[in-house]
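The exercises below each set a task and then work through it step by step.

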Amino acid sequence: MTKIETFELNDGTTLPAIGLGTVNVKGAKGVSSVLSAIDAGYRLIDTSTNYNNEGMVGEAIRRSSVPREELIISSKLPGAAHEYDKAIMMIQESLYRIGIDYFDKYLIHWPLPKQGKYEEAWQALVDAQKFGLIKTIGVSNFLPEHLERIIDKTGVTPATNQSERHPYFNNKEVVKANNELGILTEAWSPFGREINDVLENETIKKIAEKYDKEPAQVIIRWNLQNNVMPIVKSSSLNHQKANLDVFDFELAADDLQQIDNLDKGEAGRVEGQHPNEYEEFD
Ligand SMILES: NC(=O)c1ccc[n+]([C@@H]2O[C@H](COP(=O)([O-])OP(=O)(O)OC[C@H]3O[C@@H](n4cnc5c(N)ncnc54)[C@H](OP(=O)(O)O)[C@@H]3O)[C@@H](O)[C@H]2O)c1
């Protein structure tokens, strides 16, 4: 099995350098897919209350031969639970749904600045960590201004900030702000989601040929070499294995630059996902 490299967080935690995404991975099929990923070597499983699949994650944990303490279970607080008391209850409820008694990692899913309650949501995560419900606390889709506000308010810096990042939207400002604050960036939709064609991009394909690797592996390397943890979803065992087989090559600086040059700025975002505009619907 491939040995996965690691990242060190600002709270002293060590995480595997690649996480498993689970959007739309549900039910019995989802359990098989997560189990095959664990067999392939994934240890960090990224879920969210909004994905309606925390039950499936719990089932995979129970059926896996890998001990619970070797898995890193990460979920996310939904927007409807940003108020302090609701947030604490949601974290507990989410733990019951999965059937575990602590989260290794837990994030605020979206800042929802129009709702304006993400500061108290962050306070709830800070306290839930003290209560022993969560080991590492972080955020998702937070812009530098949101990070600044929660740090000012609580004095606690998130350990990670999971944000959209793929070759068509490299999210440079957020990555830079995260780095300056010592926050690890996690990249969501590293392949630009099904609607984008980054895996078919000619520049990426050429780079992949040069290293005798696949486009997906090149994108994962581009993230790792920029100190970003990709959260990669794959339901196929072959892809799951390929996406971990990335620790035997290194992209040259000019290849990294060529991928950076594919950035389309705001036009490259997955539609409707600007953190100041995005509204959660459930
Ligand atoms: N925090 C947030 O707001 C947020 C938002 C979006 C996503 N996320 C997280 O990020 C995760 C990843 O994002 P995503 O699910 O949108 O998509 P993604 O990981 O960018 O792309 C998944 C697609 O890529 C394909 N794929 C995977 N490995 C491949 C390979 N080696 N070769 C060719 N195709 C490959 C998959 O197909 P197969 O299944 O056939 O392999 C699937 O169609 C999510 O699952 C979720 O956990 C978080």
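**Exercise 1: a strand residue**

Ser140 belongs to strand β7, which covers residues 134-140. The model used here, and in the exercises that follow, is predicted. Determine whether Ser140 is buried or exposed, and list which residues are in contact with Ser140 once neighbours within four places in sequence are left aside.

Solution. 
Step 1. The relative accessible area of Ser140 is 1%. The cut-off for buried is under 20%, so Ser140 is buried.
Step 2. With neighbours within four places in sequence left aside, the contacts of Ser140 include a run from Leu107 through Ile108, His109 and Trp110 to Pro111.

**Exercise 2: two helix pairs**

Describe the packing of α1 with α2 and of α4 with α5, giving angle, axis distance, handedness and contact residues.

Solution. 
Step 1. Helix α1 (residues 27-40) packs on helix α2 (residues 54-63) at about 45°, and their axes are 9 Å apart. This angle makes α1 oblique to α2.
Step 2. α1 and α2 cross in a right-handed sense.
Step 3. From α1, the contact draws on Gly27, Gly30, Val31, Val34 and Leu35; from α2, on Met56, Glu59, Ala60 and Arg63. By class, the residues of this contact between α1 and α2 are five nonpolar, two polar and two charged.
Step 4. For helix α4 (residues 118-130) and helix α5 (residues 144-154), the angle is about 55° and the axes are 10 Å apart. α4 and α5 are therefore oblique to each other.
Step 5. The crossing of α4 and α5 is right-handed. Its contact is formed by Tyr118, Glu119, Trp122 and Gln123 from α4, with Glu145, His146, Arg149, Ile150, Lys153 and Thr154 from α5. The contact of α4 with α5 comprises three nonpolar, three polar and four charged residues.

**Exercise 3: a covered helix**

State how many residues of α8 (residues 215-224) are buried, and which elements are included in their cover.

Solution. 
Step 1. Nine of the ten residues of α8 are buried, so the helix is mostly covered.
Step 2. The buried residues are Ala216, Gln217, Val218, Ile219, Ile220, Arg221, Trp222, Asn223 and Leu224.
Step 3. Strands β1, β9 (184-188) and β10 (228-232) are included in the cover of these residues of α8, as are helices α7 (202-211), α9 (237-242) and α10 (253-260).

**Exercise 4: the whole chain**

Solution. 
Step 1. The chain contains ten helices and ten strands.
Step 2. The C-alpha trace spans about 55 × 40 × 35 Å along its principal axes, and 59% of the 282 residues count as buried.

Key:
Residues are numbered from 1 along each chain as its sequence is written. This is a predicted model: local features need pLDDT of at least 70, side-chain atom pairs count only at pLDDT 80 or more; totals for chains, interfaces and linings use all residues. Side-chain values use heavy atoms; hydrogens and water are left out. Axes are lines fitted to C-alpha atoms, for helices over the stretch in contact, and angles run from 0 to 180 degrees between N-to-C directions. Helices (H or I, at least four residues) and strands (E, at least two) are DSSP runs, numbered from the N terminus. Angles under 35 degrees count as roughly parallel, over 145 as roughly antiparallel, 65 to 115 as roughly perpendicular and the rest as oblique. A crossing is left-handed if the near helix is turned anticlockwise from the far one by less than a right angle, and right-handed if clockwise. Contact means heavy atoms within 4.5 Å. Ala, Val, Leu, Ile, Met, Phe, Trp, Tyr, Cys and Pro count as nonpolar, Asp, Glu, Lys and Arg as charged, and the others, Gly among them, as polar. Buried means under 20% relative accessible area, exposed over 50%, partly exposed in between (1.4 Å probe, protein chains only).
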